[in-house]
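Visitor: I would like to go through this model term by term, asking what lies behind each word.

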Amino acid sequence: MTKTVIAQGTFDIVHPGHVHYLEEAAAMGDELYVIVARKANVDHKETPICPATQRRDVVNALEAVDEAILGHEEDIFVPIEEIDPDVIALGHDQHHDDAQIEAELERRGLECTVERASGRESVADDEILSTRLIIERILEQRS
Ligand SMILES: Cc1cc2nc3c(=O)[nH]c(=O)nc-3n(C[C@H](O)[C@H](O)[C@H](O)COP(=O)(O)O)c2cc1C
Ligand SMILES: Nc1ncnc2c1ncn2[C@@H]1O[C@H](COP(=O)(O)OP(=O)(O)OP(=O)(O)O)[C@@H](O)[C@H]1O
């Protein structure tokens, strides 16, 4: 039976930390779906620069990814119900609470485990492994 994994995030300006996360999530199963957050749901940091469709298309082009989809505008569990995954792979620094997600999955009758991926170890001192830091660097160097 195919083991389906879901990963999720904003993915505004893709960098090697994203690639690491998605490769690790893909290795947790056979098929990787990625839910790309809608602007309205990115409320804990600055609004994404790139439109959701562009962020989805870039993630979709990555080798580790089988399918990237736009997230639901209001209920983040709708795509989970549709895909019915075996594993939700949370990113190393995602603010979501593992136990709360597990409780909501159970409430909706979904059998799915929640795993945490690791952070990428920098392979060079000058790697920039965060969208926020890439934008800060652009503002510093080009203004
Ligand atoms: C299991 C799960 C499902 C999600 N599904 C959606 C969704 O359908 N729509 C959406 O806009 N955001 C969804 N999100 C939220 C974002 O992917 C994301 O966590 C957040 O809004 C963006 O911040 P981040 O890139 O720092 O994680 C989901 C998050 C989790 C953990
Ligand atoms: N350096 C990294 N190593 C491993 N995973 C990462 C890294 N950076 C981001 N991720 C993961 O990629 C997913 C999407 O991350 P997100 O779009 O928030 O990027 P980000 O670079 O962390 O953004 P920002 O710096 O603006 O907060 C999240 O699950 C996050 O944990």
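The conversation below sets the terms used for this model against their definitions.

Guide: This is a predicted model, in which local features need pLDDT of at least 70 and side-chain atom pairs count only at pLDDT 80 or more, whereas totals for chains, interfaces and linings use all residues. Residues are numbered from 1 along each chain as its sequence is written, and chains are lettered from A and ligands numbered from 1 in the order in which they are written.

Visitor: How do you know what pLDDT the chain averages?

Guide: pLDDT is the predictor's confidence in each residue, from 0 to 100; the chain averages 96, and 100% of the residues score at least 70. For the complex, the predictor gives an ipTM of 0.96 and a pTM of 0.97.

Visitor: What makes β1 and β4 a pair in the sheet?

Guide: Helices (H or I, at least four residues) and strands (E, at least two) are DSSP runs, numbered from the N terminus, and two strands pair if DSSP finds at least two bridges between them. Two bridges join β1 to β4, which run parallel, so the pair meets that definition. Within it, Val-5 stands opposite Val-87 in β4.

Visitor: Why are β3 and β5 said to stand at the edges?

Guide: The five strands form an open sheet with parallel pairing, in the order β3-β2-β1-β4-β5. β3 (67–70) and β5 (113–116) each have a single partner strand, so one side of each is left without a neighbour in the sheet.

Visitor: What makes α1 a helix that lies across the sheet strands β1, β2 and β4?

Guide: Two residues are in contact if their C-beta atoms, placed from the backbone, lie within 7 Å. Axes are lines fitted to C-alpha atoms, for helices over the stretch in contact, and angles run from 0 to 180 degrees between N-to-C directions. On these terms α1 lies across β1, β2 (31–36) and β4, running at about 160° to β1, while helix α2 (residues 52–60) touches β2 and β3 and makes about 170° with the direction of β3.
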